[in-house]
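These are my notebook entries on a single structure.

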Amino acid sequence: MEGTYHTKRKYYITHLNTKDKHKYKHPTVKPVSIINNFIINSSQEGDVVLDPFMGSGSTGESAIVQGRKFVGVELNHQYFVIAKKRLESAINTKSE
């Protein structure tokens with residue numbers, strides 16, 4: 001597995017992430033910086049990351065940026081649309 005001393009901390013201190021809550025209109029949006037560590041430490045480039053409760057797409061964005069494939073499931077159509085736009089943006093940014 002990949003990762004470094006800095007990505008393998010045993011605890012995470014997070015900010016309130018109110019900026020992302022307003023931007024993505026989801027009450028429990030997770031900071032991508034923390035999810036990056038999870039993905040880096042538990043998968044390798046090219047692996048598939050599954051998020052069965054996708055919400056606003058934080059895990060998908062991180063997976064794409066970290067060079068992983070992503071499969072996400074979201075029942076709420078409003079959140080699905082938000083996540084879809086977010087993932088498309090991550091894909092476009094990655095390919096630039």
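I note at the outset that the model is predicted. I then looked up the geometry: the axes of helix 2 (residues 32–42) and helix 3 (residues 58–65) come within 9 Å of each other and cross at roughly 55°. At that angle, helix 2 is therefore oblique to helix 3.

I searched for residues that are apart in sequence yet close in space, and recorded N36 and S62. They are separated by 26 residues in sequence, while their C-alpha atoms lie 5.6 Å apart. N36 is found in helix 2. I count N36 as buried because its relative accessible area is 17%, and the cut-off for buried is under 20%. S62 is one of the buried residues of helix 3.

How many residues of helix 3 are buried? I found seven of its eight, and so I describe the helix as mostly covered, buried being under 20% relative accessible area. The buried residues are S58, T59, G60, E61, S62, A63 and I64. After helix 3 I noted G67, which has a positive phi, near 80°.

I recorded a nonpolar patch formed by V48, L50, V71 and V73, which together have about 350 Å² of accessible area. I placed V73 in the loop between strand 2 (69–72) and helix 4 (77–95).

Terms used. Residues are numbered from 1 along each chain as its sequence is written. This is a predicted model: local features need pLDDT of at least 70, side-chain atom pairs count only at pLDDT 80 or more; totals for chains, interfaces and linings use all residues. Side-chain values use heavy atoms; hydrogens and water are left out. Patches are made of residues with over 30% relative accessible area and no salt bridge: like charges are joined within 9 Å, nonpolar side chains (Val, Leu, Ile, Met, Phe, Trp, Tyr) within 5 Å. Accessible areas come from the Shrake-Rupley method with a 1.4 Å probe; for residues, only the protein chains shown count as cover. A salt bridge is a side-chain nitrogen of Lys or Arg within 4 Å of a carboxyl oxygen of Asp or Glu. Helices (H or I, at least four residues) and strands (E, at least two) are DSSP runs, numbered from the N terminus. Axes are lines fitted to C-alpha atoms, for helices over the stretch in contact, and angles run from 0 to 180 degrees between N-to-C directions. Angles under 35 degrees count as roughly parallel, over 145 as roughly antiparallel, 65 to 115 as roughly perpendicular and the rest as oblique. Buried means under 20% relative accessible area, exposed over 50%, partly exposed in between (1.4 Å probe, protein chains only).
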